[in-house]
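Here is a short briefing to read alongside the model.

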Amino acid sequence: MGKYHFIAIGGIGMSGLAKYLLQDGHTVTGSDIADSKYINALKELGAGVNIGHCESNLPDDTDVVVVSTAIKENNPELVKAKAAGMKIYHRSDLLAEIAKSAQEREKCFIGFSGTHGKTTTSGMASFVLDKSGLEPSFVDGGIVPELHTNAQHKSGEHFVAELDESDGTIVKYNPDILVINNLEEDHLDFYKNGMTDLVKTFNQAISQSKKVIVNNDNEGIKLLSGDFITFGLEKADYTAKNIEYTKEGTSFEIYYKDIFLTDIFITVAGVHNVYNTLAVCAALNEAGVNLDCIKDSFTPFTGMGRRFEKVCELNGIEVYDDYAHHPTEIKATLEAAALKFGKDNIVAVFQPHRYTRLQSLWNDFKTSFENAGRVIVTDVYAASENMIDGVSGENFASEISAEYIGGSIENVAKTLLPTLKSGNVVIGLGAGTITNLGKYFCK
């Protein structure tokens, strides 16, 4: 068994990897700048975690030091590790090693990727397999509902993981089944040539995968090269037919090449979740799982943490948190919310994430809020980026005739709350500090 040290162990991705290693019998230590619920969970599993970064945190007998892209070169623990000649892994390297180990144990490695939906589809697959008693191992990008975890190591025949493309590291994996939910321009701070670079990266990932399942209804997918298994609403190998939307959920039938496989009822709203369910069904069927035996496990899936997640309610006002930070994601979330609650009740609070994303997708963002009765725009969450002239939350709000509330998210909540009324459904949208909106509303 190995000894692993995580620098910044408390993040959602890093903590999941650490948890998986602990459950697999490895020794884990780590550090972070602040305590968190994720760190407390790791401590309960036996991890040794220090708050603050200093070289004494790093044990001398460490086998592997794990870092994320955010770790600076002058971090004292990283400096010590390099000086001592320790093996240093980016977190994607560790996930690749974990996946390879799972495959060596004859587990089927299913990787979910794409611009949107990879956290939900990987989490849904993990949930359904676990709820059906198949004891999957997984490392997902969010907290799986009911399981209350983003990772686990168990004895079943499947290993599920979310594969991130944001920094190109998706090429490090060799999945048995690769699912690509969709492909659109994003992460243009990394992909300098836009779709050209993105397609090149995905084509390499495709060439390293045994089976590839793609969304046949997505335009970006058509730029990829390979022999694909497809899913979609009409022309595809796996299709959803007889779809019925209600406020309680969505029912539909799954077909493979016009052969009926099973019927499904999901409580997560929106057509995007029909696609998500199709992607999961296709992957599990290709992995040899009998869909008819697991279909009831889809119904209790309520969505991943920070994916249209209800965080509080006060005086008849419901507050939701959603990670949507790309135009397509925002459209899907608000469309589902309007179906469930009615457009006029929806109050969308949008925190733009990164100046580069807001600038490059400005016109796409402008058409993303049609299913909200009221739109508030906050200041941009910079995510360590420098400001760009003319690119601001205030300017964007003015251009779409929305309201602008600047300052901290606490100030946004204090300013907005007195203007709300019973029946309003407030949805915080973004990948930054907007996640704290509900906390300030209901503290």
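Which helix gives the largest share of the lining of the second largest pocket? That share, 3 residues, comes from helix H9 (residues 327–341). Please keep in mind that this is a predicted model.

**The second largest pocket**
- Its volume is about 170 Å³.
- The lining is made up of Glu-184, Glu-185, His-326, Pro-327, Thr-328, Lys-331, Leu-361, Asp-364 and Thr-367.
- By residue class, the lining holds 4 charged, 3 polar and 2 nonpolar residues.

**The disulfide**
- You will find 1 disulfide in the structure, formed by Cys-312 and Cys-442 with their sulfur atoms 2.0 Å apart.
- This pair joins distant parts of the chain, 130 residues apart: Cys-312 sits in strand E16 (residues 309–314), while Cys-442 lies in the segment after helix H14 (437–441).
- The disulfide is right-handed, because the torsion about the S-S bond of Cys-312 and Cys-442 is about 60°.
- Buried means under 20% relative accessible area, so Cys-312, at 11% relative accessibility, counts as buried.

**Other cysteines**
- Cys-54 counts as partly exposed because its relative accessibility is 32%.
- Cys-281 is buried, with a relative accessible area of 0%.
- Cys-281 takes part in no disulfide, and the nearest cysteine sulfur, which belongs to Cys-293, is 13 Å away.

Note on methods: Residues numbered from 1 in each chain as written. Predicted model: local features only at pLDDT ≥ 70, side-chain atom pairs only at ≥ 80, totals over all residues. Heavy atoms only, no water. 1 Å grid on protein atoms, 1.4 Å probe; cavity = no way out; pocket = protein on both sides within 12 Å on 5 of 7 lines; lining within 4 Å. Points joined across faces, edges and corners; volume = space filled by probe spheres on them. Helix = DSSP H or I, 4+ residues; strand = E, 2+ residues; numbered from the N terminus. Nonpolar A, V, L, I, M, F, W, Y, C, P; charged D, E, K, R; others polar. Disulfide = S-S within 2.5 Å. Buried < 20%, exposed > 50% of the residue type's maximum accessible area, 1.4 Å probe, protein only.
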